[in-house]
Amino acid sequence: MGGNSPCASCKLLRRRCAKDCIFAPYFPSDDPQKFAMVHKVFGASNISKMLQELPIHQRADAVSSLVYEANARVRDPVYGCIGAISYLQNQVSQLQMQLAVAQAEILCIQMQQEPTLPATPQLVDHPDDKSFFLPHQYLNFASSSSSVIQDYSLKRESLFGHDMVSS
């Protein structure tokens with residue numbers, strides 16, 4: 001920076017900001033918290049070494065990653081970013097399970113609203129214009145599916161601690 005005000009790094013480290021200061025482009029003086037956080041987790045020497053090893057066009061992205069990781073480490077000193085990733089993966093899994101339950105319930109309701117088909121095997125047109133038989137257990141899905149959905153609802157209730165959707 002060299003001119004009016006030293007960069008956040010030089011200000012925190014109480015040194016003169018040289019014209020070719022490696023920190024100046026990435027840690028401006030108006031955002032001292034950004035460097036303070038990264039310095040606390042990684043140390044100024046390590047940050048300097050990392051930035052010097054990178055091509056100039058990659059340094060801004062590296063600083064952004066360092067800031068993100070430093071913030072995650074301050075919030076969760078043990079797991080850092082991995083803790084956040086793990087939390088989000090668990091949330092995705094729970095939401096996928098809830099979606100599967102909702103889709104099964106929708107299918108059950110749709111099947112219950114359709115007229116009951118005869119119990120004898122039916123000739124069904126196949127998309128390839130070939131005919132084949134579907135056994136009656138596939139055609140009368142609505143009668144057997146409600147107990148499966150209710151059983152699944154009980155399992156879901158024990159997983160979440162309460163029933164998410166009324167059956």
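Predicted model: local features only at pLDDT ≥ 70, side-chain atom pairs only at ≥ 80, totals over all residues.
Local features need pLDDT of at least 70 and side-chain atom pairs count only at pLDDT 80 or more, while totals for chains, interfaces and linings use all residues. Residues are numbered from 1 along each chain as its sequence is written, and side-chain values use heavy atoms, with hydrogens and water left out.

The protein chain has seven helices and two strands, taken as DSSP runs (helices H or I, at least four residues; strands E, at least two) and numbered from the N terminus. Along the sequence, their order is α-α-α-α-α-β-β-α-α.

Of the 167 residues in the protein chain, 25% are buried, that is, under 20% relative accessible area with a 1.4 Å probe, counting protein chains only. Cys-81 belongs to this buried group because its relative accessibility is 13%, and Cys-108 does so because its value is 8%. The structure holds zero disulfides, a disulfide being a pair of cysteine sulfur atoms within 2.5 Å.

Two packed helices are described by the angle between their axes and the distance between the axes. Helix 2 (residues 32-42) packs on helix 4 (residues 56-75) at about 70°, with the axes 9 Å apart; axes are lines fitted to C-alpha atoms over the stretch in contact, and angles run from 0 to 180 degrees between N-to-C directions. The two helices are therefore roughly perpendicular (65 to 115 degrees).

Technical notes
Buried < 20%, exposed > 50% of the residue type's maximum accessible area, 1.4 Å probe, protein only. Parallel < 35°, antiparallel > 145°, perpendicular 65-115°, else oblique.
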